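Subject: Structure for you to look at

Hi,

Here is the structure I promised to pass on. Please open it next to this email and follow along.

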Amino acid sequence: MGPEAFLPVALVIGYLLGSIPFGLILTKLAGTQDLRSIGSGNIGATNVLRTGRKGLAAATLLLDALKGTAAVVISGYFGGPNAAMLAGLGAFLGHNFPVWLKFKGGKGVAVYIGILLGLFWPGALFFCLLWLATAFTTRYSSLSALVAAFITPIFLWWFGHLALASLFAVLTLVLFYTHRENIKRLQSGTESRIGQKS
């Protein structure tokens, strides 16, 4: 199979890997309350943290990031850079809109980082540093993710990675969509800060 023919396969591989609901799997194995019945109802690490199990939340964050990295690395190995980018897009969509869970998934931050790690690791480092700096100054996790995601495509474009910049501009738009309720709460001043008791 040639590189061009592999492109749709890469997208499917990415989607299937991305749609593995690690947060839901880990919390079920740990015997906690159904993740979809608490907090935001999504399957990401932030909601897992609401179960009070920090270890599970950390494991979810790591596994969600690594499934994005795995999709990129596997598809890139077999199909080259274009396949890797398509797999990254697939993984992001799979995580946020998994068919197995009626298209209700996570918000995509961990997978975004994992895809960046697989495609251009300095971009992942930049994202994390920017997230930390924003979180330190504002104590808003959602705002930190939004700021980092907004600036990351600009960072990639500045360093000449135009294709990656285009891909992550699309991922950023989807990430803003998945954070639409957070944005409303930020605008109204009702968004919870990091460490704030609900």
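Below is what was found, element by element.

This is a predicted model, in which local features need pLDDT of at least 70 and side-chain atom pairs count only at pLDDT 80 or more, while totals for chains, interfaces and linings use all residues. Residues are numbered from 1 along each chain as its sequence is written, and side-chain values use heavy atoms, with hydrogens and water left out.

**Helix H1**

Start with H1, residues 3–18. Helices here are DSSP runs (H or I, at least four residues), numbered from the N terminus. Does the length of H1 agree or disagree with what its 16 residues should span? At 1.5 Å a residue they should span 22 Å, and the end C-alpha atoms are 21 Å apart, so the two agree. The expected span is 1.5 Å times one less than the number of residues. H1 also bends by about 30° at Val9. That bend is the angle between axes fitted to the seven residues ending there and the seven starting there.

The buried residues of H1 are Phe6, Leu7, Ala10, Gly14, Tyr15 and Gly18. Buried means under 20% relative accessible area, exposed means over 50%, and partly exposed is in between (1.4 Å probe, protein chains only). An α-helix has 3.6 residues a turn, so residues three or four places apart point the same way. Helices H4 (54–79) and H5 (81–96) are included in what covers the buried residues of H1.

**Helix H2**

Thr27 sits in H2, residues 22–29. Thr27 is buried, at 1% relative accessible area. Its side chain reaches the backbone oxygen of Gly23 at 2.8 Å.

What does Thr27 contact beyond its neighbours within four places in sequence? The answer is Thr32, Leu35, Val48, Thr51 and Leu56. Contact means heavy atoms within 4.5 Å. With residues up to four places away left out, Gly23 touches Leu35, Ile43, Val48 and Thr60. Gly23 and Ala10 are 13 residues apart in sequence, and their C-alpha atoms are 24 Å apart in space.

**Helix H4**

H4 has 26 residues, which should span 38 Å at 1.5 Å a residue. Its end C-alpha atoms are 37 Å apart, which agrees. Its buried residues include Leu56, Thr60, Asp64 and Lys67. Their cover includes H1, H2, H3, H5 and H6. Just after H4, Gly80 takes a positive phi of about 90°.

**Two loop residues**

Most residues other than glycine have a negative phi. Phe103 has a positive phi, near 65°. Phe103 lies in the loop between H5 and H6 (109–119). Arg139 also has a positive phi, of about 65°. Arg139 is in the loop between H7 (121–138) and H8 (141–158), and is partly exposed at 39%.

**The largest pocket**

The largest pocket has a volume of about 1,300 Å³. It is lined by 41 residues, and Ala45, Thr46, Asn47, Leu49 and Ser141 lie nearest its centre. H3 (45–49), H4, H6, H7, H8 and H10 (180–188) each give two or more residues to the lining. Which helix gives the most? H4 does, with seven residues.

A pocket is found on a 1 Å grid over the protein atoms alone: it is an open set of points where a 1.4 Å probe fits, with protein on both sides within 12 Å along at least five of seven lines. Lining residues have an atom within 4 Å of a point. Points are joined across faces, edges and corners, and the volume is the space filled by probe spheres set on them.

Best wishes

How values were computed:
A polar contact is a pair of N or O atoms within 3.5 Å; within protein, one must be able to donate a hydrogen and the other to accept it, and residues adjacent in sequence count only if both atoms are side-chain atoms.
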